[in-house]
Amino acid sequence: MINPFFLNKGPISLLKVYELLEITNQKKNDFNFYNIKDLYSADKNTITFFHSKKYKEAAKSTKASFCLTSDLLKDFLPKTCEPIIVNNVLISVAKITKEFYPNSVEDEIDNKVLSIDKCDYKNVNHGKNVLIGENVKIGSNCSIGHNSIIEKNVLVGNNCKIGSNTIIRNSIIKDNVSILDNCTIGKKGFGFFPNKNKNLRYPHIGIVIINENCEIGCSATIDRGSMSNTEIGKNTFLD
């Protein structure tokens with residue numbers, strides 16, 4: 001489960017990939033991609049990427065039909081995977097990922113939040129000025145402190161405590177989790193690539209998963225992942 005909260009705009013054709021990356025010297029046969037994934041999880045209907053020799057073993061066994069890579073790395077790919085040669089693999093990945101998931105690049109203001117008093121969360125003990133966004137589910141026996149915002153795309157399990165002045169979005173919080181005051185969870189990470197005179201923001205299509213019986217200390221920031229999830233294991237306490 002990599003991106004349950006971000007709408008995939010695929011399929012995207014191979015010709016569209018060539019257009020986005022300004023590629024004019026490669027084969028013009030067409031193909032439809034339904035997602036972009038890393039070398040390990042890619043299948044024949046997804047496009048993947050290979051940017052470093054340290055992933056050569058994964059490259060040799062990838063199931064993808066096409067791979068964004070460099071001329072120096074293309075020979076590590078299996079014959080079933082056709083290389084798409086680009087000058088900068090990671091910038092190309094950012095451009096294609098943005099095409100699939102345009103809403104994952106920036107965290108826009110959630111203008112659809114409502115006061116929790118106007119929502120159907122009768123079993124949640126809460127303080128003042130608590131706001132709740134769209135696609136939020138909160139389990140039983142939970143509490144939320146003053147001035148906290150549970151923005152869109154959040155699932156909270158049972159017996160959870162969320163402190164005051166905390167912001168959460170794009171996250172799955174499982175049972176018996178305590179998140180203390182002033183935390184920020186599920187926002188985009190600090191991922192970007194220098195690109196000539198302008199930095200290119202990398203889309204973050206992962207989510208944050210906090211497993212059972214965890215405690216997140218005051219003022220913690222946990223960003224969502226770029227291509228994969230940010231996951232906190234069971235029984236973890238973070239200061």
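Mentor: What follows goes through the salt bridges, then the cysteines, then the aromatic rings.

Please keep in mind from the start that this is a predicted model, and that the values below are computed from it.

Let us begin with the charged side chains, which form nine salt bridges in the structure. One of them joins Asp71 to Lys74, where the closest N and O atoms lie 3.0 Å apart. Asp71 has a relative accessibility of 47% and is therefore classed as partly exposed, and Lys74, at 31%, is also classed as partly exposed.

Another salt bridge brings together the side chains of Asp107 and Arg169, with an N to O distance of 3.6 Å. This pair connects distant parts of the chain, since Asp107 sits in the loop between helix 3 (89-100) and strand 7 (114-115), while Arg169 sits in the loop between strand 15 (167-168) and strand 16 (171-173), 62 residues apart. Arg169 has a relative accessibility of 2%, so this residue counts as buried.

A further salt bridge is made by the side chains of Glu151 and Lys187, at 3.2 Å from N to O. Here too distant parts of the chain are linked, with Glu151 in the loop between strand 12 (149-150) and strand 13 (154-156) and Lys187 in the loop between strand 18 (184-185) and strand 19 (192-195), 36 residues apart. Glu151 has a relative accessible area of 8%, which means that this residue is buried.

Now turn to the cysteines, and start with the bond one would look for. A disulfide is a covalent bond between the sulfur atoms of two cysteines. A search of the whole structure finds zero disulfides. Why is the sulfur of Cys81 too far from the closest cysteine sulfur for a bond? That closest sulfur belongs to Cys67 and lies 4.9 Å from the sulfur of Cys81, whereas a disulfide needs the two sulfur atoms within 2.5 Å. Cys81 itself is buried, with a relative accessible area of 3%. Cys142 is likewise in no disulfide, and the nearest cysteine sulfur, in Cys160, is 4.7 Å away. Cys142 is buried as well, its relative accessible area being 5%.

Phe31 is partly exposed at 24% relative accessibility, whereas Phe33 is buried with a relative accessible area of 0%.

The rings of Phe50 and Phe76 have their centres 6.1 Å apart and their planes at 85 degrees, so this pair is edge-to-face. It links distant parts of the chain, because Phe50 lies in strand 4 (residues 46-50) and Phe76 in the loop between strand 5 (66-69) and strand 6 (82-85), 26 residues apart. Phe50 is buried at 0% relative accessibility, while Phe76 is partly exposed, with a relative accessible area of 24%. Finally, returning to Phe31 and Phe33, these two residues form one aromatic cluster together with Phe66.

Note on methods. Residues are numbered from 1 along each chain as its sequence is written. This is a predicted model: local features need pLDDT of at least 70, side-chain atom pairs count only at pLDDT 80 or more; totals for chains, interfaces and linings use all residues. Side-chain values use heavy atoms; hydrogens and water are left out. A salt bridge is a side-chain nitrogen of Lys or Arg within 4 Å of a carboxyl oxygen of Asp or Glu. Buried means under 20% relative accessible area, exposed over 50%, partly exposed in between (1.4 Å probe, protein chains only). Helices (H or I, at least four residues) and strands (E, at least two) are DSSP runs, numbered from the N terminus. Rings of Phe, Tyr and Trp (its six-membered ring) pair if their centres lie within 6.5 Å; planes under 30 degrees apart count as stacked, over 60 as edge-to-face and the rest as tilted.
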